[in-house]
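Work through the exercises below with the model open. Each task is followed by a solution in steps.

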Amino acid sequence: MKKKHVHEASPATGRQTPMKRDYSGDKTRCRVTFRLPQAAAPGATTVAVAGSFNDWSVDRHAMAQLANGDFHLELELEAGREHEFRFL
């Protein structure tokens, strides 16, 4: 996969969004990195990502907790599709 770091910002606030996308060279695949800061889930020991890409399953995509307390997950998805998601 071709590395292209894209940090997306919320148009309303200018702050970094909880995900970034890296597209493959042929633009058919997209590596999506989800990140949830510790401050957004104080005291949480587990967090999962549920969305339209996994039929809203709370069991399929558990996030890893980083040393700083943030949660992180990378998924490869088909490019050109719009998905909805929630952190649970």
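**Exercise 1. The largest pocket**

Task: state how much space lies in the largest pocket, then which residues lie nearest its centre.

Solution. Step 1: the space in the largest pocket is about 250 Å³. A pocket is an open set of points on a 1 Å grid over the protein atoms alone, where a 1.4 Å probe fits, with protein on both sides within 12 Å along at least five of seven lines; lining residues have an atom within 4 Å of a point. The volume is the space filled by probe spheres set on the points, which are joined across faces, edges and corners.

Step 2: the lining has 15 residues, and M19, R21, R81, E82 and H83 lie nearest the centre.

Step 3: β2 (16–23), β3 (29–36) and β6 (71–78) each give at least two lining residues. Strands are DSSP runs of E with at least two residues, numbered from the N terminus.

Step 4: sorted by class, the lining holds nine nonpolar, two polar and four charged residues. Ala, Val, Leu, Ile, Met, Phe, Trp, Tyr, Cys and Pro count as nonpolar, Asp, Glu, Lys and Arg as charged, and the others, Gly among them, as polar.

The model is predicted: local features need pLDDT of at least 70, side-chain atom pairs count only at pLDDT 80 or more, and totals for chains, interfaces and linings use all residues. Residues are numbered from 1 along each chain as its sequence is written, and side-chain values use heavy atoms, with hydrogens and water left out.

**Exercise 2. The salt bridges**

Task: find how many salt bridges the whole structure has, and where the partners of the E74 and R31 pair lie.

Solution. Step 1: the search finds three salt bridges, each a side-chain nitrogen of Lys or Arg within 4 Å of a carboxyl oxygen of Asp or Glu.

Step 2: E76 pairs with R29, with the closest N and O atoms 3.1 Å apart. E76 is in strand β6 and R29 in strand β3, 47 residues apart.

Step 3: E74 and R31 meet at 3.4 Å, N to O. E74 lies in strand β6 and R31 in strand β3, so this pair ties together parts 43 residues apart in sequence.

Step 4: R35 and D70 also form a salt bridge, at 3.4 Å, N to O. R35 lies in strand β3 and D70 in the loop between β5 (64–65) and β6, so parts 35 residues apart in sequence are tied together.

Conventions:
Helices (H or I, at least four residues) and strands (E, at least two) are DSSP runs, numbered from the N terminus.
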